[in-house]
Amino acid sequence: MTKTASMPFVTPTTFSALLSPMDDRSVVLEDGSDIAFRLVQRGGAVTGGPLAGTTMVEWGLHEIAPTYGEGLGVLVIEHTSGDKAYLKFEWIGRGVTNPEGTIYPVMYGTWTAIGGSGRFANIMGAGTVAIDMPSEDSRDWQFAGSLSL
């Protein structure tokens, strides 16, 4: 029997990142719709999985309305060595009414590894992401999926 080469880290994997604001540019439509388009930059530390100990910066374009939201962009993951990985993301959100009648945002989506440098040069993977709002400004990204480095 021949031996096959093993992957350094293979599926399934989970990891998370609590991202806080770094920069935000918004335009709110003045037509009574309360729709806003936001260019956001948020950053924070990655915990869990093969990317633990790195930092993540979100570069996103979001459309936010009173009962829905949608966003897309890239997540830049940087190791202390300067090596970087790039994940493309898309999410949608909907307002869900809780028993008290308050609308609560539920955000979920997908991510795909699209490239990297150094230790992340061979990164491949994809999965899902759920995004929670622990505060008005911060976002808790919870990733699940398959990832190889």
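Valine 28 is placed in strand 1. The model described here is predicted. At 48% relative accessibility, valine 28 counts as partly exposed, because that class lies between the cut-offs of 20% and 50%. Beyond its neighbours within four places in sequence, valine 28 is in contact with Ile35 and Ala36.

The loop between strand 1 (13-28) and strand 2 holds aspartate 34. This residue has a positive phi of about 60°, although it is not a glycine. Is aspartate 34 buried or exposed? Its relative accessibility is 52%, so aspartate 34 counts as exposed. The cut-off for that class is over 50%.

Strand 2 covers residues 36-47 and includes leucine 39. Leucine 39 also takes part in a nonpolar surface patch. Val27, Leu29, Phe37, Leu61 and Leu72 make up the patch together with Leu39. The area of this patch is about 500 Å².

A further loop runs between strand 2 and strand 3 (55-64), and threonine 54 is found there. In contrast to aspartate 34, which counts as exposed, threonine 54 is buried. Its relative accessible area is 2%. Which residues does threonine 54 contact, leaving aside its neighbours within four places in sequence? They are Gly44, Ala45, Val46, Ile77, Glu78, His79 and Phe120. Serine 81 lies 27 residues away along the chain from threonine 54. The C-alpha atoms of these two residues are separated by 9.7 Å.

Strand 4 (residues 68-78) and strand 5 (residues 84-97) run antiparallel and are joined by 11 bridges. Within this pairing, valine 74 has lysine 88 of strand 5 as its bridge partner. The two strands form a hairpin, with 5 residues between them. In the turn, glycine 82 has a positive phi of about 100°.

Strand 5 also pairs with strand 6 (residues 103-116). How many bridges join them? There are 13, and the strands run antiparallel. Tryptophan 91 stands opposite glycine 109 in strand 6. Strand 5 and strand 6 form a hairpin too, with 5 residues between them. Its turn contains glycine 101, whose phi is positive at about 90°.

Strand 6 continues the pairing with strand 7 (residues 124-132). These strands run antiparallel, and 6 bridges join them. Methionine 107 stands opposite isoleucine 131 in strand 7.

The aromatic residues form another part of the picture. A pair of aromatic rings is described by the distance of the centres and the angle of the planes. A search of the whole structure finds 5 aromatic pairs. One of them joins phenylalanine 89 and tryptophan 141. Their rings lie 5.1 Å centre to centre, with 85° between the planes. The arrangement is edge-to-face. This pair links distant parts of the chain, 52 residues apart. Phenylalanine 89 belongs to strand 5, and tryptophan 141 to strand 8 (residues 139-148).

Both partners of this pair are covered. Phenylalanine 89 counts as buried at 1% relative accessibility. Tryptophan 141 is buried as well, with a relative accessible area of 1%. How are the rings of tryptophan 141 and phenylalanine 143 arranged, and at what distance? Their centres are 5.9 Å apart and their planes lie at 20°, so the pair is stacked. The cut-off for stacking is under 30 degrees. Phenylalanine 143 is buried, as is tryptophan 141. Ring pairs link Phe89, Trp141 and Phe143 with Phe15 and Trp111 into a cluster.

Note on methods:
Residues are numbered from 1 along each chain as its sequence is written. This is a predicted model: local features need pLDDT of at least 70, side-chain atom pairs count only at pLDDT 80 or more; totals for chains, interfaces and linings use all residues. Side-chain values use heavy atoms; hydrogens and water are left out. Patches are made of residues with over 30% relative accessible area and no salt bridge: like charges are joined within 9 Å, nonpolar side chains (Val, Leu, Ile, Met, Phe, Trp, Tyr) within 5 Å. Accessible areas come from the Shrake-Rupley method with a 1.4 Å probe; for residues, only the protein chains shown count as cover. A salt bridge is a side-chain nitrogen of Lys or Arg within 4 Å of a carboxyl oxygen of Asp or Glu. Helices (H or I, at least four residues) and strands (E, at least two) are DSSP runs, numbered from the N terminus. Two strands pair if DSSP finds at least two bridges between them. Buried means under 20% relative accessible area, exposed over 50%, partly exposed in between (1.4 Å probe, protein chains only). Contact means heavy atoms within 4.5 Å. Rings of Phe, Tyr and Trp (its six-membered ring) pair if their centres lie within 6.5 Å; planes under 30 degrees apart count as stacked, over 60 as edge-to-face and the rest as tilted.
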